[in-house]
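Welcome to this short tour. Please open the model in your viewer and keep the selection tool at hand.

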Amino acid sequence: HESSGLKSSEKRENILKLLETDDGSEFCKELKRRKKVLTLNVPYRLQAPFMDAMKGKHAWDVRPALLAERINQQQRLMYYFSHISGLDTVVEITPPWYEYLTANQEILRGWIQFNMIAYLQRRNPNVPGIINKLQPPQERNLNKVKKFWTAVSQVTEIKDIYAGETMGEKGMSIDHFVPWSYVAHDEFWNLSPTTRSANSSKSNSLPDWEYYFPRFCDVHIQAYDAIWEYGGVREVFEKCRKEHINSDEAWMKLYSPELSRESFTRNLAEILQPVWLSAHNLGFKEWRYNESDTELL
């Protein structure tokens, strides 16, 4: 972010546009250097399983042009090199392989994705939702959550935990306390109503735990009380929970009847704080809301 200006939630087309840029800046020079590292091995090693053994201890450690020449002497490969020139290298796919790749592309794509997920998960054991991060949904439907918080606001006054504004259906936005870009889910215990401006200001930051968790907990306790006091609110909640409470632990700890305030607070902290700490340890910045701008601690 510091060198490229890209947001952690940047759109795919903007990332690709930046990768194609070569304006002579220090960032683009570094980007070009890293591209060249990829071209050093990736186009050659990809076909290693289909090749006859490359003889010699340093068979791969030769000039790219010589290596490509040796590879072009192999038989039954997927593709051969028709032009060697660093990032402008050109390959030609052989007709039988072209037909195979075209006919089986869905199977191959699934195989590649499965192995990519396994690879990333092994190297990022503390990061949840790897699969959702590789292919995030284009739209997330939080309509049932919003309807629930609207129903709660009609029977008791609830306030946005960041700006302190009284919430109603108009202008309400649903916030992920621990950012969606980390948790990759829409579980109810991580959501609260907020204003659009506060939600936009917070973006992918972590709310200051000591400052905001008590407020977050208060608004969820208000919702809990409304569920058991008002039949209409409970009816809306039942529709919401079918999609947004998928953890048996959360269901038992937070939505069993007759929980005391102390029990609810302790149980919510036990579920939410480890997730918050894990995101914090991976570099998500702490944040407090400032009406004029975002304030990072």
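Is Glu-238 buried, partly exposed or exposed? Glu-238 is partly exposed, since its relative accessible area is 21%; here buried means under 20% relative accessible area, exposed over 50%, and partly exposed in between, with a 1.4 Å probe and protein chains only.

Before moving on, note that this is a predicted model, in which local features need pLDDT of at least 70 and side-chain atom pairs count only at pLDDT 80 or more, while totals for chains, interfaces and linings use all residues. Residues are numbered from 1 along each chain as its sequence is written, and side-chain values use heavy atoms, with hydrogens and water left out.

**Stop 1: salt bridges**

Helices (H or I, at least four residues) and strands (E, at least two) are DSSP runs, numbered from the N terminus. Arg-234 also counts as partly exposed, at 26% relative accessibility.

Now select Glu-30 and Arg-33. Their side chains meet in a salt bridge at 2.8 Å, N to O. Helix α2 holds both, 3 residues apart, which is about one turn of the helix. Arg-33 is partly exposed with a relative accessible area of 45%, and Glu-30 is partly exposed with 30%.

For a pair that links distant parts of the chain, pick Lys-144 and Glu-243. The closest N and O atoms of this salt bridge are 2.5 Å apart. Lys-144 sits in helix α7 (residues 143-153) and Glu-243 in helix α11 (residues 231-244), 99 residues apart. Lys-144 is partly exposed, with a relative accessible area of 33%, and Glu-243 counts as partly exposed at 41%. How many salt bridges does the rule give? The count comes to 13.

**Stop 2: a buried asparagine and a histidine**

Select Asn-190, in the loop between α8 (180-183) and β4 (191-195). Asn-190 is buried, with a relative accessible area of 0%. Its side chain reaches the backbone nitrogen of Val-178 at 2.9 Å. Show the surroundings too: leaving aside neighbours within four places in sequence, Asn-190 is in contact (heavy atoms within 4.5 Å) with residues including Asp-175, His-176, Phe-216 and Leu-272.

From there, step to His-176 in strand β3 (residues 172-176). His-176 counts as buried, at 7% relative accessibility. A polar contact of 2.7 Å joins the side chains of His-176 and Asp-186. Such a contact is a pair of N or O atoms within 3.5 Å; within protein, one must be able to donate a hydrogen and the other to accept it, and residues adjacent in sequence count only if both atoms are side-chain atoms. The backbone oxygen of His-185 lies 3.5 Å from a polar atom of the His-176 side chain.

**Stop 3: two exposed residues**

Next, find Asn-126 in the loop between α5 and α6 (130-134). Asn-126 is exposed, with a relative accessible area of 54%. Leaving aside neighbours within four places in sequence, Asn-126 is in contact with Tyr-182, Ser-278 and Leu-282.

Then select Tyr-98 in helix α4, which counts as exposed at 52% relative accessibility. Tyr-98 and Tyr-79 are 19 residues apart in sequence and 9.0 Å apart in space, C-alpha to C-alpha.

**Stop 4: a pocket**

Finally, select Leu-46, Met-78, Leu-108, Trp-111 and Ile-112. Of the 18 residues that line the second largest pocket, these lie nearest its centre. Which elements give two or more residues to this lining? They are α2 (26-45), α4 (95-103) and α5 (105-123). The largest share, 7 residues, comes from α5.

Definitions and conventions. On a 1 Å grid over the protein atoms alone, a cavity is a set of points where a 1.4 Å probe fits but cannot get out, and a pocket is an open set with protein on both sides within 12 Å along at least five of seven lines; lining residues have an atom within 4 Å of a point. A salt bridge is a side-chain nitrogen of Lys or Arg within 4 Å of a carboxyl oxygen of Asp or Glu.
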